[in-house]
Amino acid sequence: MIVKTNAVALQIRGWSKTSHMVTWLTEDYGKITTVVKGACRPKSAYLGQYDLFYTCELLFYRRGRDGTHMIRECTPLQHREPLRFNWRGVCAAGYLAHLTARAATGHEAKVLYADLNHALDTLCDCDAGSIEALIFWFEMRLLRHNGISPDFRTCPQCHPIGTQWLRFSIDSGRFACAHFDERGAAVPSVTLHRDVIKCLRRFAECHHFRARHYTPFMTPKNKNDKKMNLVLGLSRFLGIFIIFHLDLPAAVRRVAFETLNTNPTSMCVTGE
Ligand SMILES: [Zn+2]
């Protein structure tokens, strides 16, 4: 059966001397893999029609729900040209594509597709200081679409309003609370500041990323310190939560963030 849908190219691998295997997140069929025969031939009809992070209109022969499909036509709708000149943007896009390829289950196709397009569009025109926050936003949205959002409801007895730091149990996905879990204080947990929790909640709820969703938590007095603590808190929590619940290799996320935080002037250029 030939079907038509829009899709974002997540991964491209060599399949034979002249063919590609492309993994897509489609709008209507979730994650799929297609073979593009003759993709690397000099006169291929597919030359320039797709690349990483492009959004394309796809026409493909659909063979059941799983397995690989044969592509029939591919037309680019969004090239995202600015990413070619922005290494931080490409690094973030690569991580988001990897995360999506690993975690997309198919049930959440339309919303995840919309969020990924929005994230990639935003990366084309995003200042370096907002890229990490954009990743956090996407991670929270992905968790939500997978039905494994952290549950940030508090218990009036264990988490009184004045307490700024709360213990969160990674394995049960909610705050450590003796009234919910008999193990109470004994469960392995991380401590979260209320500002981090507010930020994570906003990210999960917002259809569109806005850098201002996390800037209100920075006070003018010690703006840099507070921002740094907030970013570290968000990154640490999401890293632990995602690796635990989505079973992702820890190295992928760590390398993405280490690369994003590289200061170009500190890089050593060899061979000159
Ligand atoms: Zn309680």
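Which residue in β2 is the bridge partner of R13? The partner is M21. The structure is a predicted model, in which local features need pLDDT of at least 70, side-chain atom pairs count only at pLDDT 80 or more, and totals for chains, interfaces and linings use all residues. Residues are numbered from 1 along each chain as its sequence is written, and side-chain values use heavy atoms, with hydrogens and water left out. Helices (H or I, at least four residues) and strands (E, at least two) are DSSP runs, numbered from the N terminus.

Strand β1 covers residues 2-14. Strands of a sheet pair through backbone hydrogen bonds, either parallel or antiparallel. Here, two strands pair if DSSP finds at least two bridges between them. β1 and β2 pair in the antiparallel sense over seven bridges. The two strands form a hairpin, with five residues between them. Besides the R13 bridge to M21, A7 stands opposite T26 in β2. β1 is also joined to strand β4 (residues 55-61) by seven bridges, and this pair runs antiparallel. There, T5 stands opposite L58 in β4.

β2 pairs with strand β3 (residues 31-36) as well, through six bridges in the antiparallel sense. V22 has T34 as its bridge partner in β3. Four residues lie between the strands of the β2 and β3 hairpin, where G30 takes a positive phi near 65 degrees.

How many residues of strand β2 are buried? Seven of the seven residues of β2 (residues 20-26) are buried, so the strand is largely enclosed by the rest of the structure. Buried means under 20% relative accessible area, exposed over 50%, and partly exposed in between (1.4 Å probe, protein chains only). Both faces of β2 are covered. H20, V22, W24 and T26 are buried on one side. M21, T23 and L25 are buried on the other.

F53 is found in the loop between β3 and β4. F53 is buried, with a relative accessible area of 9%. R80 lies in the loop between β5 (68-78) and α1.

Two packed helices are described by the angle between their axes and the distance between the axes. Axes are lines fitted to C-alpha atoms, for helices over the stretch in contact, and angles run from 0 to 180 degrees between N-to-C directions. Helix α1 (residues 87-103) and helix α6 (residues 250-260) have axes that come within 9 Å and cross at roughly 170 degrees. α1 and α6 are therefore roughly antiparallel to each other. Angles under 35 degrees count as roughly parallel, over 145 as roughly antiparallel, 65 to 115 as roughly perpendicular and the rest as oblique. From α1, the residues W87, R88, C91, A92, Y95 and H98 meet V252, R253, A256, T259 and L260 of α6. By class, this contact has seven nonpolar, two polar and two charged residues. Contact means heavy atoms within 4.5 Å. Ala, Val, Leu, Ile, Met, Phe, Trp, Tyr, Cys and Pro count as nonpolar, Asp, Glu, Lys and Arg as charged, and the others, Gly among them, as polar.

α1 also packs with helix α2 (residues 109-123), at an angle of about 170 degrees and with axes 10 Å apart. α1 and α2 are therefore roughly antiparallel to each other. G89, A92, A93, L96 and T100 of α1 make the contact with L112, L116, A119, L120 and L123 of α2. Eight nonpolar, two polar and no charged residues take part in the contact of α1 with α2.

R102 has its place in helix α1. R102 is partly exposed, at a relative accessible area of 44%. Not counting residues up to four places away in sequence, R102 touches D247, L248 and P249. R102 and K31 are 71 residues apart in sequence, and 9.5 Å apart in space, C-alpha to C-alpha.

A further sheet is open and has three strands in the order β7-β6-β8, with antiparallel pairing. Its edge strands are β7 (174-175) and β8 (189-193), and each pairs on one side only. Strand β6 (residues 165-169) pairs with β8 over five bridges. W165 stands opposite H193 in β8. Helix α4 (residues 194-205) packs on the sheet and touches β6, β7 and β8. The direction of α4 makes about 90 degrees with that of β8.
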